[in-house]
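Thanks for coming, everyone. Please bring up the model on your screens. I'll walk through it one part at a time.

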Amino acid sequence: MSDTAKKILVVDDEPHILDLLHFLLTDEGYLVTAADTGETAIELAGNENFDLVILDLALPGIDGFSVCRRLQNQNIPVLMLSSYDEDDYVVSGLETGALDYVRKPFNHRELILRVANLVGRNTSLKTLKTLISEDVRINLDTEEVICRGRVIRLTPTEYLLLKLLMSRQGMVLSSEDILHEVWDADEWDGYRQMVKVNIQRLRNKIEKYPRNPVMIVNQWGRGYRFVPTVTVS
């Protein structure tokens, strides 16, 4: 790893989020340090020069807003990453001194781009090489899909569908969205059934209990969502 690699401090009290951020950021060449409390974050920031802090708001003890205020005295850029998605929290975070605010669940590629923008690096959407969730991992270079430790075979359509859903974890995609992205087609008679059938085929291959899916779930009247229960082994 380069001696000039950017140093990032990630602060979150959820171990699986820390693991995920460590995986995504080290894969991009960053040096990553983790903290699970505000107190630890402040101590680490006082002893080492970081190029960016990715900061959760709901921390035990000192909350993210207070940590951000303390970090402003050291002129350390802060990106807030929080499940609080109300506009008031976003505004408060930016007023406290954060340079950016990303809502959980977050899109992996979007986060990488935002981080690169804040630390002054050039990158692109193509830099991300792996999509991961609790049970599924996709290698975007080889198109290999591993589910619960085993390589699974998908049709080209199933692969594109899974890649789309996982790249937008937590987001609701309508049947129209899926049709356009996977088939590059506009609406036609029977398209809803075609999307439904392929969703079910994919569930049969990746869900433990396809009739009671926990990864690819229906948002009734809106579409489908890949539940971002993300972790890295």
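Helix H6 and helix H7 are oblique to each other. H6 covers residues 156-167, and H7 covers residues 175-183. They pack at an angle of about 125 degrees. Their axes are 10 Å apart. H6 passes H7 in a right-handed crossing. From H6, the contact uses Thr157, Leu160, Leu161 and Leu164. From H7, it uses Ile178, Glu181, Val182 and Trp183.

One thing to keep in mind: this is a predicted model.

Now the overall picture. The protein has 233 residues, and 44% of them count as buried. Its secondary structure comes to eight helices and 12 strands. The accessible surface is about 12,200 Å². Carbon and sulfur atoms account for 45% of that surface. Next, contacts between residues at least 6 apart in sequence. Of these, 56% join residues at least 24 apart.

How are H3 and H4 oriented to each other? They pack at an angle of about 25 degrees. Angles under 35 degrees count as roughly parallel, so that is what H3 and H4 are. Their axes are 9 Å apart. On the H3 side, look for Phe65, Cys68, Arg69 and Gln72. They meet Tyr89, Ser92, Gly93 and Thr96 in H4.

Let's stay with H4, residues 87-96. Which residues of H4 are buried? They are Val90, Gly93 and Thr96. Look down the axis of H4, and these buried residues fall within an arc of 130 degrees, so they line one face of the helix. Now turn to the other side of H4. There, Asp87, Asp88 and Glu95 are exposed. What do the buried residues of H4 pack against? Three elements: helix H3, at 64-72, strand S4, at 78-82, and strand S5, at 100-103. Just after H4 comes glycine 97. Its phi is positive, at about 130 degrees.

H1 meets helix H5, which is residues 108-119. Their axes come within 11 Å and cross at roughly 65 degrees. The crossing of H1 and H5 is right-handed. H1 brings four leucines to the contact: Leu20, Leu21, Leu24 and Leu25. H5 brings His108, Leu111, Ile112 and Val115.

Find proline 105, in the loop between S5 and H5. A cis peptide bond joins lysine 104 to proline 105. Omega there is about -5 degrees.

Glutamate 143 has a positive phi of about 65 degrees, and it is not a glycine. You'll find glutamate 143 in the loop between strand S7, at 136-139, and strand S8, at 144-147. Then there is arginine 148. Arginine 148 also isn't a glycine, and its phi is positive too, at about 50 degrees. Its loop runs between S8 and strand S9, at 150-152. Is arginine 148 buried or partly exposed? With a relative accessible area of 33%, arginine 148 is partly exposed.

Start with glutamate 14. Glutamate 14 sits in the loop between strand S1, at 7-11, and helix H1, at 15-27. Its relative accessibility is 30%, so glutamate 14 counts as partly exposed.

Now glutamine 193, in helix H8, residues 191-206. Glutamine 193 is at 47% relative accessibility, so it counts as partly exposed. How far is glutamine 193 from serine 175 in space? C-alpha to C-alpha, the two are 9.4 Å apart. In sequence, they are 18 residues apart.

H1 and H5 make a right-handed crossing. That's my tour.

Key: Residues numbered from 1 in each chain as written. Predicted model: local features only at pLDDT ≥ 70, side-chain atom pairs only at ≥ 80, totals over all residues. Heavy atoms only, no water. Buried < 20%, exposed > 50% of the residue type's maximum accessible area, 1.4 Å probe, protein only. Helix = DSSP H or I, 4+ residues; strand = E, 2+ residues; numbered from the N terminus. Arc of directions from axis to C-beta. Contact = heavy atoms within 4.5 Å. Areas by Shrake-Rupley, 256 points an atom, 1.4 Å probe, with all protein chains shown as cover. Axes fitted to C-alpha atoms, helices over the stretch in contact; angles between N-to-C directions. Parallel < 35°, antiparallel > 145°, perpendicular 65-115°, else oblique. Left-handed = near helix turned anticlockwise from the far one by under 90°.
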